Amino acid sequence: MSQSRHDINVLREQIATYGKSLFDRGLTMGSSGNISQRLEDGGWLMTPTNACLGRLDPARISRLDAQGVLIDGDAPTKEHFLHRAMYDERPQSGAIVHLHSTHSVAVSCLPDVNPCECIPPLTAYYVMRVGKLPLVPYYMPGDPALGDAVRGLAGKHCAVLLANHGPVVAGKTLEAAVYATEELEETAKLFLLLQGKNPRGMTPEQVAELEARFGRP
């Protein structure tokens with residue numbers, strides 16, 4: 001049975017609450033970034049285009065059906081195809097957060113970043129919540145080809161980093177997606193602070209032990 005209107009309204013409120021929290025802490029700014037939540041009927045809630053995550057009106061959050069047709073609310077983010085590409089490849093994911101958070105974007109601009117693993121496994125919680133973070137080559141915002149590039153990586157990764165743009169992070173729940181996004185941003189900050197210092201990261205054995213106990217994100 002699909003979710004009731006009350007249940008969907010609760011999810012709208014949660015999106016607005018998390019959006020304000022991210023905005024208030026400087027993890028998103030202006031009208032950048034977007035959030036989505038998968039619904040039980042196969043559709044989605046998505047933040048509207050040109051909306052500030054710090055001032056979302058829950059009633060105006062876009063609701064789309066399983067074909068991506070707008071049912072109510074304002075028009076969805078113009079990057080809705082990024083979310084749909086992730087959902088298509090990750091049926092276990094219930095929510096997605098995309099930000100232009102400063103430190104993650106800074107890593108995406110480094111010339112010698114490893115495209116298969118932009119940030120090394122510096123901490124246990126980064127390994128548990130983000131795992132390996134691949135780099136998606138630069139595409140102009142709104143370019144549908146960006147969705148195809150994300151789709152090619154999303155099946156094996158819960159998070160991808162768009163070059164010169166920002167992270168896209170999926171989670172089983174909205175809370176999990178937000179926590180993983182925050183972990184990514186803080187680890188990106190650590191990574192930048194440690195540039196040129198030859199840091200001691202997690203060993204392959206330590207990463208394997210974490211994956212064996214907690215699974216891959």
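Strands here are DSSP runs of E with at least two residues, numbered from the N terminus. One such run is strand β8, residues 166-171, and P167 is found in it. The model is predicted. Its protein chain comes to 7 helices and 8 strands. The radius of gyration is 17 Å, close to the 17 Å from the globule rule for 217 residues, so the chain is as compact as a globular protein of that length.

**Overall dimensions and surface**

- Along the principal axes, the C-alpha atoms of the protein chain fill a box of roughly 50 × 35 × 30 Å.
- Of the 217 residues in the protein chain, 47% are buried.
- Contacts with a separation of 6 or more were counted in the protein chain; residues 24 or more positions apart account for 66% of them.
- The protein chain exposes about 10700 Å². Carbon and sulfur atoms supply 53% of that area.
- Charged side chains number 21 positive and 24 negative. The centres of the two sets lie 2 Å apart.

**The sheet**

- An open sheet of 8 strands runs in the order β4-β3-β2-β1-β5-β8-β7-β6. Its pairing is mixed.
- The edge strands are β4 (70-72) and β6 (135-136), and each pairs on one side only.
- Strands of a sheet pair through backbone hydrogen bonds, either parallel or antiparallel.

- Strand β1 covers residues 34-38. Because 4 of its 5 residues are buried, β1 is largely enclosed by the rest of the structure.
- In the sheet order, β1 stands between β2 and β5.
- On the β5 side, 4 bridges join β1 to residues 95-98, and the two strands run antiparallel.
- Two of the residue pairings with β5 can be named. Q37 has A95 as its bridge partner, and I35 has V97.
- On the β2 side, β1 pairs with residues 44-46 over 3 bridges, again in the antiparallel sense.
- R38 stands opposite W44 in β2.
- β1 and β2 form a hairpin with 5 residues between them. In the turn, G42 has a positive phi of about 95°.

- T47 lies in the loop between β2 and β3, the latter being residues 62-64.
- The relative accessible area of T47 is 1%, under the 20% cut-off, so T47 is buried.
- Leaving out residues up to four places away in sequence, T47 touches I15, N34, I35, L53, L56, I61, S62, P76 and T77.
- Among these contacts are N34 and I35, and strand β1 spans residues 34-38.

**P167 in β8**

- In the sheet order, β8 stands between β5 and β7.
- P167 is buried, with a relative accessible area of 1%.
- Leaving out residues up to four places away in sequence, P167 touches V97, H98, L99, S101, S104, V160, L161 and L184.
- P167 and P134 are 33 residues apart in sequence. Their C-alpha atoms are 10.0 Å apart in space.

Note on methods:
Residues are numbered from 1 along each chain as its sequence is written. This is a predicted model: local features need pLDDT of at least 70, side-chain atom pairs count only at pLDDT 80 or more; totals for chains, interfaces and linings use all residues. Side-chain values use heavy atoms; hydrogens and water are left out. Buried means under 20% relative accessible area, exposed over 50%, partly exposed in between (1.4 Å probe, protein chains only). Two strands pair if DSSP finds at least two bridges between them. Contact means heavy atoms within 4.5 Å. The radius of gyration is taken over C-alpha atoms; the globule rule is 2.2 Å times the number of residues to the power 0.38. Accessible areas come from the Shrake-Rupley method with a 1.4 Å probe; for residues, only the protein chains shown count as cover. Lys and Arg count as positive and Asp and Glu as negative; His and the chain ends are not counted. The place of a charge is taken as NZ of Lys, CZ of Arg, CG of Asp or CD of Glu.
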